[in-house]
Amino acid sequence: MRFTPWALAFSAWLLAATATLGALFMSEIMGFAPCVLCWYQRVFMFPLVFVLAVGLFPFDPKVVRYALPLAVGGLLVAGFHLLLVAGYIPETLTPCRQGIPCSTVQVEWLGFVTIPLLSFISFLVINALLITAYLKTSK
Amino acid sequence: MKQKNIFIVAAVLLVIAFITGAYFYKKQQTEQATQLAAQNQVALVRPDAPSFGNADAPVHIVEFFDPACGTCRDFYPMVKALMAEHPGKIRLSMRYAPFHPGSEAVVKALEASRKQSKFEPTLEALFASQNVWVQNHVAHAELIGPVLEPLGMDMGRLQSDANTPEVATMIARDLLDAKTMNVTMTPEYFVNGKPLPSFGFDQLRSLVGDALLANNAK
């Protein structure tokens with residue numbers, strides 16, 4: 001059962017579900033208003049929970065095909081967001097003119113863990129898991 | 001089926017983690033807010049703030065509000081009804097928290113109306129006509145003239161009173177007090193210095209009930 005395509009897709013689901021609940025915790029319980037870029041990352045992350053769950057029962061290896069575009073899209077937005085927070089992209093190039101500026105760091109755990117970093121890592125691992133699952137099934 | 005069990009257990013664990021996390025986070029927040037309120041009674045209770053009801057009432061509700069806030073408008077008659085249920089027992093102090101863009105100018109007029117002893121009718125008229133002068137969460141002070149004219153105030157005096165430095169200072173102080181009390185949304189209520197455990201009228205009612213009971217036990 002270990003490292004089967006199912007287990008890989010399940011891990012991706014687990015990560016997406018954790019990230020989704022984590023995002024909801026921060027916005028709904030802790031009261032952080034999500035900035036525009038965070039919303040785009042949510043648009044890619046939240047559906048992964050449902051798409052992957054449906055693909056797990058019964059296991060359909062094609063679920064990777066359907067989930068991967070979301071995971072890649074999310075990774076791109078998260079990467080852009082990270083570069084923005086790090087200051088490589090000036091804020092004026094972003095769609096955030098009103099409300100919460102996306103370059104504002106609302107959370108910093110251990111001195112370097114920010115919300116965009118968590119999002120980027122989640123998308124990166126989900127991509128890796130899905131691509132591995134794809135390679136395993138196509139063999 | 002083994003896979004299904006793993007999935008269900010994981011999903012249930014995630015949901016449980018979310019709920020317990022939320023519970024403990026809220027609890028910790030309430031404790032912090034209670035402590036904050038206890039340490040900052042001066043910032044909470046200002047004697048010159050407009051207030052309703054018996055000044056020596058055993059229960060003192062301090063409300064941070066914005067006349068442009070829809071929930072403040074909806075809660076106002078409910079809080080008044082609660083006061084009417086316990087005549088002479090509840091005092092309500094109003095603190096300004098003009099968080100909406102443009103709202104500060106409206107609050108200035110409201111504060112100036114006190115000089116003509118028209119605070120209550122002005123507040124009620126502003127709430128009643130809120131959808132006229134608040135558009136897309138932006139307060140338009142230029143639209144409140146027709147709302148206030150029927151109240152029989154000297155409008156010229158109202159305007160000059162509204163623009164005095166004392167009024168501006170008072171609003172700035174209230175905003176600073178709101179910051180001190182960690183008030184980020186309106187309306188926010190404190191009952192005898194205690195914040196609401198979570199937002200809602202039932203929570204306010206039960207906090208007032210507790211305060212009344214504590215007073216009766218004395």
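Helices (H or I, at least four residues) and strands (E, at least two) are DSSP runs, numbered from the N terminus. By that rule, Pro58(A) sits in the loop between H2 and helix H3 (63–86) of chain A. This is a predicted model: local features need pLDDT of at least 70, side-chain atom pairs count only at pLDDT 80 or more, and totals for chains, interfaces and linings use all residues. Residues are numbered from 1 along each chain as its sequence is written, while chains are lettered from A and ligands numbered from 1 in the order in which they are written.

**Chain A overall**

- Chain A has four helices and zero strands. Its elements run α-α-α-α from the N terminus on.
- Chain A holds 139 residues, and 35% of them count as buried. A residue is buried if 20 or more other C-beta atoms lie within 10 Å of its own, exposed if 12 or fewer, and partly exposed in between; C-beta atoms are placed from the backbone.
- Take the contacts in chain A between residues at least 6 apart in sequence: 73% join residues at least 24 apart. Two residues are in contact if their C-beta atoms, placed from the backbone, lie within 7 Å.

**Helices H1 and H2 of chain A**

- Helix H1 (residues 5–29) and helix H2 (residues 36–56) of chain A have axes that come within 8 Å and cross at roughly 140°. H1(A) is therefore oblique to H2(A).
- Axes are lines fitted to C-alpha atoms, for helices over the stretch in contact, and angles run from 0 to 180 degrees between N-to-C directions. Angles under 35 degrees count as roughly parallel, over 145 as roughly antiparallel, 65 to 115 as roughly perpendicular and the rest as oblique.
- The crossing of H1(A) and H2(A) is left-handed. A crossing is left-handed if the near helix is turned anticlockwise from the far one by less than a right angle, and right-handed if clockwise.
- H1(A) contributes residues including Trp6(A), Phe10(A), Trp13(A) and Thr20(A) to this contact; from H2(A) come, among them, Arg42(A), Phe46(A), Leu52(A) and Gly55(A).
- The contact of H1(A) with H2(A) has 16 nonpolar, two polar and one charged residues. Ala, Val, Leu, Ile, Met, Phe, Trp, Tyr, Cys and Pro count as nonpolar, Asp, Glu, Lys and Arg as charged, and the others, Gly among them, as polar.

**Val51 of chain A**

- Val51(A) belongs to helix H2 of chain A. It is partly exposed, with 19 other C-beta atoms within 10 Å.
- Beyond its neighbours within four places in sequence, Val51(A) is in contact with Val63(A), Tyr66(A), Ala67(A) and Leu70(A).
- Val51(A) and Trp13(A) lie 38 residues apart in sequence and 8.7 Å apart in space, C-alpha to C-alpha.

**Where the chains meet**

- Chain A puts 11 residues in contact with 10 residues of chain B. H1(A) supplies the largest share of the chain A side, eight residues.
- That side of chain A has 10 nonpolar, one polar and no charged residues.

**The sheet of chain B**

- Five strands form an open sheet in the order S1-S3-S2-S6-S7 (chain B), with mixed pairing. S1 and strand S7 (194–195) are the edge strands, each pairing on one side only. Two strands pair if DSSP finds at least two bridges between them.
- Strand S1 (residues 51–52) of chain B pairs with S3(B) in the antiparallel sense over two bridges. Phe52(B) has Leu92(B) in S3(B) as its bridge partner.
- Strand S2 (residues 59–65) of chain B runs parallel to S3(B), joined by seven bridges.
- S2(B) also pairs with strand S6 (residues 188–191) of chain B, antiparallel over four bridges.
- Val62(B) stands opposite Ser93(B) in S3(B), and its bridge partner in S6(B) is Phe190(B).
- Strand S3 (residues 90–96) of chain B is mostly covered, with six of its seven residues buried.

**Helices H4 and H5 of chain B**

- The axes of helix H4 (residues 103–113) and helix H5 (residues 119–128) of chain B come within 8 Å and cross at roughly 150°. The two are therefore roughly antiparallel to each other.
- H4(B) and H5(B) make a right-handed crossing.
- Val106(B), Leu110(B) and Ser113(B) of H4(B) meet Phe119(B), Thr122(B), Leu123(B) and Leu126(B) of H5(B). Five of these residues are nonpolar, two polar and none charged.

**Backbone exceptions**

- Most residues other than glycine have a negative phi, and most peptide bonds are trans.
- The peptide bond from Phe57(A) to Pro58(A) is cis, with omega near -15°.
- Thr186(B) and Pro187(B) are joined by a cis peptide bond, omega about -10°. Pro187(B) lies in the loop between helix H9 (165–180) and S6 of chain B.
- His137(B) has a positive phi, near 65°. It lies in the loop between strand S4 (134–135) and strand S5 (138–139) of chain B.
- Asn192(B) has a positive phi, near 45°, and lies in the loop between S6 and S7 of chain B.
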